[in-house]
Amino acid sequence: MEATSVLGSVPDLDVRGDDTVGALLVEAHRGVAASTLRLFDLICELDVSEAYLPTYPDTASWLRWNLGVSGGTARTYVRAARRLDELPAVRSAFGSGRLSF
């Protein structure tokens, strides 16, 4: 029997007994971590270039309005993005999927 998900039809799997699901989850998690690193790199680029001016007063405001994130989340993203260059081990862990945000 198959189940339907947002991704379409997927076969029923006994998660406890099927390592394939676990492997797919690990792979997806690594992709999310790598995408988060890319997001932070782009946020840093926007921040340094001040490309948000004159429409927005700061990077966090741009993120809030253009990404639809809360003000607190936007400020947290900016703080994290600014620090990554100072923390090469953290950057590497993000890129390899060993660390998530």
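Asp47 and Arg82 form a salt bridge, with their closest N and O atoms 2.8 Å apart. A salt bridge here is a side-chain nitrogen of Lys or Arg within 4 Å of a carboxyl oxygen of Asp or Glu. Asp47 lies in helix α1 and Arg82 in helix α3, so the pair ties together parts that are 35 residues apart in sequence. Helices are DSSP runs (H or I, at least four residues), numbered from the N terminus. Asp47 is buried, at 14% relative accessibility, whereas Arg82 is partly exposed at 47%. Buried means under 20% relative accessible area, exposed over 50%, and partly exposed in between (1.4 Å probe, protein chains only).

The model is predicted: local features need pLDDT of at least 70, side-chain atom pairs count only at pLDDT 80 or more, and totals for chains, interfaces and linings use all residues. Residues are numbered from 1 along each chain as its sequence is written, and side-chain values use heavy atoms, with hydrogens and water left out.

The structure holds four salt bridges. Asp41 pairs with Arg91 in one of these, the closest N and O atoms being 2.7 Å apart. Asp41 belongs to helix α1 and Arg91 to helix α4, so this pair ties together parts that are 50 residues apart in sequence. Both residues are partly exposed: Asp41 has a relative accessible area of 28%, and Arg91 has 24% relative accessibility. Arg91 also meets the side chain of Asp85 in a salt bridge (3.3 Å, N to O). Asp85 is exposed, at 57% relative accessibility.

Helix α1 has 31 residues. Its first and last C-alpha atoms are 45 Å apart, close to the 45 Å expected at 1.5 Å a residue. The expected span is 1.5 Å times one less than the number of residues. The buried residues of α1 are Val21, Ala33, Thr36, Leu37, Phe40, Ile43, Cys44, Leu46 and Asp47. They pack against α2, α3 and α4 (88-96). Just after α1, Glu50 takes a positive phi of about 55 degrees.

The largest nonpolar core has 15 residues. Such a core is a set of buried Ala, Val, Leu, Ile, Met, Phe, Trp, Tyr and Cys residues joined through side-chain atoms within 4.5 Å. Phe40, Ile43, Leu63, Tyr77 and Phe94 touch the most other members. Helices α1 (19-49), α2 (59-67) and α3 (71-83) each give two or more residues to this core. In soluble globular proteins, nonpolar side chains tend to be buried together.

Phe94 touches Ala33, Ala34, Thr36, Leu37, Phe40, Leu84, Leu99, Ser100 and Phe101, not counting residues up to four places away in sequence. Contact means heavy atoms within 4.5 Å. Thr36 sits in helix α1 and is buried, with a relative accessible area of 15%. Beyond its neighbours within four places in sequence, Thr36 is in contact with Phe94 and Phe101.

Thr76 is partly exposed, at 28% relative accessibility. The side chain of Thr76 reaches the backbone oxygen of Gly72 at 2.9 Å. Thr76 and Ala60 are 16 residues apart in sequence, and their C-alpha atoms are 8.6 Å apart in space.

Technical notes: A polar contact is a pair of N or O atoms within 3.5 Å; within protein, one must be able to donate a hydrogen and the other to accept it, and residues adjacent in sequence count only if both atoms are side-chain atoms.
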